[in-house]
Amino acid sequence: MSLPDILKGRLSIPVVGSPLFIISNPDLVIAQCKAGVVGSFPSLNARPVEVFEQWLQRITSELAEYDAQNPERPSAPFAVNQIVHKSNDRLEQDLALCVKYKVPIVITSLGAREDVNQAIHSYGGIVLHDVINNFYAKKAIEKGADGLIAVAAGAGGHAGTLSPFALIHEIREWFDGPLLLSGAISNGNAILAAQAAGADLAYIGSAFIATEEANADQGYKDMIVGSAASDIVYSNLFTGVHGNYLKQSIINSGLDPEALPESDPSKMNFGSGGSSKAKAWRDIWGAGQGVGAVKQVVPAAQLIERLQREYQAARERLVL
Ligand SMILES: Cc1cc2nc3c(=O)[nH]c(=O)nc-3n(C[C@H](O)[C@H](O)[C@H](O)COP(=O)(O)O)c2cc1C
């Protein structure tokens, strides 16, 4: 087990709030960090690039102010997600801003690149790379990532198909650095289970969609509250890559969730000029199989309090 030094003594619970396309914004990230959970956002949520700099200014200054007022309980560091895909024409600009603002943690997705890792290391930042199997995990570490996010079956957004137990086991056979587990974690029992399985931290997305701060339609938040694991559909139709979505949002868009056609990866487009992915994700709502544990829309701090209570109770229950 290995928690990155940057996180030691900074977390109230071993959790990273994962980046959510369109949904993560400074309000959510600041609330997560103040409550002792790493908050994160994809840089592409801030459009155009000038807005990304404004977000970085706001997040760094509000958290510094909070830390000055709460030296005994400082905020958790924040993270920025970079989509390392050839269609992302903002990557170089966004990376330069991460360096300028010394973003503590960068989460890379869809591509591992040595130059990106070196840029973040140049000021002491760390890179966590998300992977859906052991092959990509090895590649990411070879290219210089500091830690891995194992995206297992049942995760919201682009998800893997492997059991978390199998995936964590295979990675832990050769990697003893920071390891996060992603996929359907939305209660305290599952956070402890992630650690028991060999992960250092739980990576939680869908549960944070149903928070007051999240930039999502009220109907989306309510649908998360009203859904269970069996209401999640796994399809590659909407972005070209397989992901998990709320069945009812597919039905509301006039499609039959039981008979969705196949798509292909060449449809992926993360360009700054807006994309079919953006449109798809605005209408077709992503969520993971852990939605059953989400019972109401609450402020992020209240969700984190629930996770803390449940996590503590799970630990006490398991003391033999
Ligand atoms: C609506 C939605 C949007 C997402 N957008 C991104 C993204 O832009 N970048 C990224 O790395 N992961 C993204 N993810 C994946 C999450 O970061 C994370 O892996 C996942 O939400 C964890 O599973 P859970 O939702 O079951 O907690 C997204 C997930 C959802 C549900």
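Me: Which residue has a backbone N or O atom 2.8 Å from a nitrogen atom of the ligand?

Reply: That residue is Phe21, whose backbone N or O atom lies 2.8 Å from the ligand nitrogen, and such a pair is a polar contact (two N or O atoms within 3.5 Å). The model you are looking at is predicted, so local features need pLDDT of at least 70 and side-chain atom pairs count only at pLDDT 80 or more, while totals for chains, interfaces and linings use all residues. Residues are numbered from 1 along each chain as its sequence is written, and side-chain values use heavy atoms, with hydrogens and water left out.

Me: Which side chains lie 2.9 Å and 2.6 Å from an oxygen atom of the ligand, and how many residues surround the ligand?

Reply: The side chain of Ser109 has an N or O atom 2.9 Å from a ligand oxygen, and a polar side-chain atom of Ser206 lies 2.6 Å from an oxygen atom of the ligand. Altogether 25 residues surround the ligand, and the closest are Phe21, Asn81, Ala184, Gly205 and Ser206; to be counted, a residue needs a heavy atom within 4 Å of the molecule.

Me: At what angle do the axes of α7 and α12 cross?

Reply: Two packed helices are described by the angle between their axes and the distance between the axes. Here helix α7 (residues 188-197) and helix α12 (residues 300-318) have axes that come within 7 Å and cross at roughly 60°. That makes α7 oblique to α12, since angles under 35 degrees count as roughly parallel, over 145 as roughly antiparallel, 65 to 115 as roughly perpendicular and the rest as oblique. The axes are lines fitted to C-alpha atoms, over the stretch in contact, with angles from 0 to 180 degrees between N-to-C directions, and the helices (H or I, at least four residues) and strands (E, at least two) are DSSP runs numbered from the N terminus.

Me: Which residues of α7 and α12 meet?

Reply: Gly188, Asn189, Ile191, Leu192 and Gln195 of α7 meet α12 residues that include Leu307, Tyr311 and Arg315, where contact means heavy atoms within 4.5 Å. By class, this contact between α7 and α12 holds six nonpolar, three polar and three charged residues.

Me: How many nonpolar residues does the contact of α3 with α4 have?

Reply: Helix α3 (residues 91-100) packs against helix α4 (residues 114-121) at about 20°, with the axes 9 Å apart, and that makes α3 roughly parallel to α4. Leu91, Leu95, Cys98 and Val99 of α3 meet Val116, Ala119 and Ile120 of α4, which gives the contact of α3 with α4 seven nonpolar, no polar and no charged residues.

Me: Which residues of α2 and α3 meet?

Reply: The axes of α2 (residues 49-69) and α3 come within 10 Å and cross at roughly 20°, and that makes α2 roughly parallel to α3. Val49, Phe52, Glu53 and Leu56 in α2 meet Gln93, Asp94, Leu97, Cys98 and Lys100 in α3, and the residues of this contact divide into five nonpolar, one polar and three charged.

Me: Where is a cis peptide bond, and what is phi of Ile22 and of Leu110?

Reply: Most residues other than glycine have a negative phi, and most peptide bonds are trans. In this model a cis peptide bond joins Arg47 and Pro48, with omega about -5°, and Pro48 sits in the loop between β2 (39-42) and α2. Phi of Ile22 is near 70°, a positive value, and Ile22 lies in the loop between β1 (15-17) and α1 (26-34). Leu110 has a positive phi near 65°, and its place is the loop between β4 (105-109) and α4.

Conventions. Ala, Val, Leu, Ile, Met, Phe, Trp, Tyr, Cys and Pro count as nonpolar, Asp, Glu, Lys and Arg as charged, and the others, Gly among them, as polar. A polar contact is a pair of N or O atoms within 3.5 Å; within protein, one must be able to donate a hydrogen and the other to accept it, and residues adjacent in sequence count only if both atoms are side-chain atoms.
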